[in-house]
Amino acid sequence: MPSPSRIVVADDNPVVRAGLAALLSGRDDIEVVAEAADGREAYDQAVRHRPDVILLDVRMPGVDGLTALPRLVPLAPVLMLTYSHENEIVYEALRRGAGGYLVHGEFSADQLVRAVGDIRAGRAHFSHSAAGALLANVRQFTQRPLHTQSNVGHSSGGHALSPAVLSTELSRREGEIMDLIASGMTNQQIAAACFISQKTVKNHINRIFAKLNARNRGEAIARWHGAAPGGARRHD
């Protein structure tokens with residue numbers, strides 16, 4: 001049998017926090033090892049207990065969830081568990097490293113347990129409002145021009161590629177993926193945002209690297225924003 005998932009619950013509302021702890025502690029496959037009232041306490045408890053998953057609220061006094069995320073994600077996978085479902089907040093949480101996003105009132109106890117298991121295993125998990133927010137962000141990318149910079153990238157010969165040329169070289173989907181890469185999203189987050197598999201994301205990225213003559217994400221982003229010198233060899 002796999003070991004129980006060790007959880008830190010971070011929420012400023014003591015009633016919500018106690019309810020989640022009671023709900024999850026009654027199961028054999030989950031152990032709540034600590035509670036926290038804000039992001040700073042969540043970090044301290046994560047350092048102390050090294051949990052398998054952190055459940056994190058967004059809006060908390062002191063250090064809020066979004067502010068704490070960059071320091072928490074190196075310690076454990078983070079599942080946002082909150083009443084906040086605004087598009088910008090969902091997107092920013094994922095950009096800062098959250099592995100999933102659940103909105104209160106949109107999941108059952110069994111679905112929460114399933115989400116904890118998914119996050120621990122490295123699989124993204126979203127409730128329907130969060131998934132809708134991701135879809136809205138993707139639609140924003142598809143509804144605007146692929147790029148508006150006057151100097152977007154460089155060919156292997158060192159000549160600047162115009163937006164028109166780059167738009168021709170990258171398909172619309174590749175342009176969407178490149179925008180998400182430039183925003184800082186991981187392959188897993190891009191897959192969840194675009195409702196495709198991580199393998200498909202990787203295939204898109206390999207084609208993007210080849211078309212932009214980039215060896216890695218940094219070079220691809222630089223060429224996308226017209227900031228890198230030309231002449232880099234193609235990605236294999």
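Predicted model: local features only at pLDDT ≥ 70, side-chain atom pairs only at ≥ 80, totals over all residues.
Strands of a sheet pair through backbone hydrogen bonds, in either a parallel or an antiparallel way. Here, 6 strands form an open sheet with parallel pairing, and reading across it gives the order β2-β1-β3-β4-β5-β6. The edges belong to β2 (30–36) and β6 (125–126); each has a single partner strand, so one side of each is left without a neighbour in the sheet.

Now zoom in on one pair within that order. Strand β3 (residues 53–56) runs parallel to strand β4 (residues 78–82), and 3 bridges join the two.

Helices come next. Helix α3 (residues 65–72) lies across β3 and β4, and its direction is at about 170 degrees to β3. Helix α5 (residues 109–120) also packs on the sheet, where it touches β1 (5–10), β2, β3, β4, β5 (100–103) and β6. The direction of α5 makes about 150 degrees with that of β4.

Finally, let's turn to a pair of helices. Two packed helices are described by the angle between their axes and the distance between the axes. For helix α8 (residues 172–182) and helix α11 (residues 217–224), the axes come within 10 Å and cross at roughly 110 degrees. An angle of 65 to 115 degrees counts as roughly perpendicular, and α8 and α11 are therefore roughly perpendicular to each other. On the α8 side, the contact involves Gly-175, Met-178, Asp-179, Ile-181 and Ala-182, which meet Arg-217, Ala-220, Ile-221 and Trp-224 of α11. Sorted by class, this contact has 6 nonpolar, 1 polar and 2 charged residues.

Key. Residues numbered from 1 in each chain as written. Heavy atoms only, no water. Axes fitted to C-alpha atoms, helices over the stretch in contact; angles between N-to-C directions. Helix = DSSP H or I, 4+ residues; strand = E, 2+ residues; numbered from the N terminus. Parallel < 35°, antiparallel > 145°, perpendicular 65-115°, else oblique. Contact = heavy atoms within 4.5 Å. Nonpolar A, V, L, I, M, F, W, Y, C, P; charged D, E, K, R; others polar. Pairing = 2+ DSSP bridges.
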